[in-house]
Each structure stands twice: as C-alpha cells, then as structure tokens.
Amino acid sequence: MPMDDHAHAQVPVTEPPSTAAVQVRGLVKSFGSGETTVTVLKSIDLDVYFGELLLLVGESGGGKTTLLSAIAGILDIDAGTLDVLGASLTEMPPNARTRFRGQRMGFIFQQFNLLPSLTAAENVAIPLLIHGLQKKEALSRGRLMLERVGLGDRTEFLPRNLSGGQQQRVAVARALVNDPQLLVCDEPTAALDGPNGQKIMELIRDVGRAPDRCVIVVTHDSRVFQFGDRMAELTDGRIVGIHPIQKEAMA
Ligand SMILES: Nc1ncnc2c1ncn2[C@@H]1O[C@H](COP(=O)(O)OP(=O)(O)O)[C@@H](O)[C@H]1O
Ligand SMILES: [Mg+2]
C-alpha cells in the first residue's frame, strides 16, 4: 500500500489483531515411565489464528500427531495450557471436553477410522446423529457432503469397496459435515492422487478461510504447501520456526 494512503485514513490503518483460535503454552507430553520415559513435546508454544490454515511440518516421529491429539483434547498432557476456541481445555473435565470436541472440532486422521459395517453416507452422518439429528436428515446431509468431495456416486458403498483415496475422502466429508470451527488434519492427502488431493485441500482451505474458523494440517506433501497461510516446524519437541508462506514463489 502506498505510504500516503495513511494520510487519508480517519483511524490508523492497522489490521485488527487476529484472535488466537488455538493458544498453546508450555505444553509438555511424555510417554512411558521411569527410565524408558520419552518426552515427545518438550515445551510447545503456538498460536493459531481464526481465518488461517496453519501447516505443521517436521521429521517423522517428531511429535506432530501427538501435538494434534493434544489440541483436539484426545490426549492428556503433562504440563502447560491449551486454550481452544475460547475455552480452556486443560481445565475442562473429560466428558465436557468430549462434548466440546464433538460440537466444535472436526478431525481427519492418518488412519481413516471409518466404521467398516456402515456405508459411506452412514459414516459421514455419524457426527450429525451424535448431535441428535433424525437419521433421514443426517443421511441426506451426509450424501450432500459426499457429493462435495466427489463421491456422489459412492454414497451407499461400504468402506472395503472403496479405494484408499475414496476412503480418505469419506473421512474428509465426515470431518466437515458438522461445520466445525476448528478442523485438525493429520496428513489428509497421504492416500490421494494429485487431482483428488487438490480437491480435498480446496475444501479444507475453504473451511479455514472463514473468519471464525481455522485449520491445522500436518503434512509432508509439498503439493499441500500452497494451501497454507503459515508453516510451523516442529523439531526436537519444540516449534523452532513459524513463517508465512510465499504464494508467488510456488506457481
Ligand atoms: N501412545 C504412545 N505411547 C508411546 N509412545 C508414543 C505414543 N504415541 C506416540 N508415541 C511416540 O512419540 C513420538 C512422536 O510420535 P508422533 O506424534 O506420532 O510423531 P509424528 O506424527 O511427528 O510422526 C514417537 O517416538 C512415538 O513412538
Ligand atoms: Mg504422525
């Protein structure tokens, strides 16, 4: 912006500071006990802002999945604080945390975690049924969501009759069907070919672009980088760097 634009402004031309949707402070997590204790997260500080898609990268075994699970409230932590969507996860009793997660977050895991005896549409409808929606309405919204991920012709298939990539798209549809404010994705394109990966990332990014939402994506896939706003690197149990993504450099 040219400098003298500022002169015409009634108020200082500064963006209002984005509010943190996720605020992690001093997070420590170990596995095992005694001499076999391994401290995977040594002291994590991280802010994720509303309206952004944050990429989380780092070496395999470095603790990325562990950090996502902690942010999702699935994993108990040893020390530190976790504030998510305006609530303190660390102070919430376990059943309130489970309810909070179901209502406000969506997850896409490395393993698809689909229920094998349910059709694609039924799998996608699960979060809606948990919310008390009638089965017919839940299934019809499930089918619509499947259309959005390109599986409109597979809604009544069982997972075992879908390819790995199609199963991943069912998992994505299930994570999005609840319209979550925080979407957490663990290597969401790992099983997808180029065009399908692109489609899924566009969907995921659109959720994050809303001003009252945010997305965290763990990935190794350099094709995913262009969809991120910032990239954080997790090394040796700490966030060692966090920087904006230069979109121009990535045509
Ligand atoms: N439930 C668990 N019990 C014991 N060790 C675990 C458990 N979950 C993860 N770990 C260990 O924590 C480390 C980080 O794992 P993970 O978070 O899956 O890394 P990443 O996702 O970055 O590959 C690994 O050494 C892994 O073996
Ligand atoms: Mg992992």
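Student: Which residues of α2 are buried?

Tutor: In α2, the buried residues are Lys64, Thr66, Leu67, Leu68, Ser69, Ala70 and Ile71, where buried means under 20% relative accessible area, exposed means over 50% and partly exposed is in between, with a 1.4 Å probe and protein chains only. Helices (H or I, at least four residues) and strands (E, at least two) are DSSP runs, numbered from the N terminus. Before we go on, this is a predicted model, in which local features need pLDDT of at least 70 and side-chain atom pairs count only at pLDDT 80 or more, while totals for chains, interfaces and linings use all residues. Residues are numbered from 1 along each chain as its sequence is written, chains are lettered from A and ligands numbered from 1 in the order in which they are written, and side-chain values use heavy atoms, with hydrogens and water left out.

Student: And what happens to the backbone just after α2?

Tutor: Gly73 follows there, with a positive phi of about 75°.

Student: Now the ligand. Which residues are around ligand 1?

Tutor: The shell consists of Phe31, Val40, Glu59, Ser60, Gly61, Gly62, Gly63, Lys64, Thr65 and Thr66, a residue being counted as near if one of its heavy atoms lies within 4 Å. Helix α2, residues 64-71, provides the largest share of this shell, three residues.

Student: How many of the shell residues are nonpolar, polar and charged?

Tutor: Two are nonpolar, six polar and two charged, with Ala, Val, Leu, Ile, Met, Phe, Trp, Tyr, Cys and Pro taken as nonpolar, Asp, Glu, Lys and Arg as charged, and the others, Gly among them, as polar.

Student: Changing topic, how many residues are in the largest nonpolar core?

Tutor: That core has 39 residues, and those with the most contacts inside it are Leu146, Val149, Val170, Leu183, Ile204 and Val217. A nonpolar core here is a set of buried Ala, Val, Leu, Ile, Met, Phe, Trp, Tyr and Cys residues joined through side-chain atoms within 4.5 Å. The elements giving two or more residues to it are β3 (53-57), α4 (120-130), α5 (135-148), α6 (164-176), β7 (182-186), α7 (194-209) and β8 (214-218), and α6 gives the most, with six residues. A second, separate core of 35 residues includes Val22, Ala72, Leu89 and Ala96.

Student: What does Val170 touch?

Tutor: Not counting residues up to four places away in sequence, Val170 touches Leu114, Ala120, Asn123, Val124, Leu146, Leu151 and Leu162, contact meaning heavy atoms within 4.5 Å. Of these, Ala120, Asn123 and Val124 are among the buried residues of α4, and what covers the buried residues of α4 includes α5 and α6.

Student: Staying with α6, is Gln168 buried or exposed?

Tutor: Gln168, which is found in α6, is buried, with a relative accessible area of 1%. Leaving aside neighbours within four places in sequence, Gln168 is in contact with Ile108, Phe109, Phe112, Glu187, Pro188, Thr189 and Leu192.

Student: Where is Glu187, and what is its phi?

Tutor: Glu187 sits in the loop between β7 and α7, and its phi is positive, about 50°, although it is not a glycine. Glu187 is also buried, with a relative accessible area of 11%.

Student: Last one: which strand holds Met231, and what does Met231 touch?

Tutor: Met231 is in strand β9, residues 230-235, and is buried, with a relative accessible area of 12%. Beyond residues up to four places away in sequence, Met231 touches Leu55, Val57, Phe225, Gly241, Ile242, His243 and Ile245.
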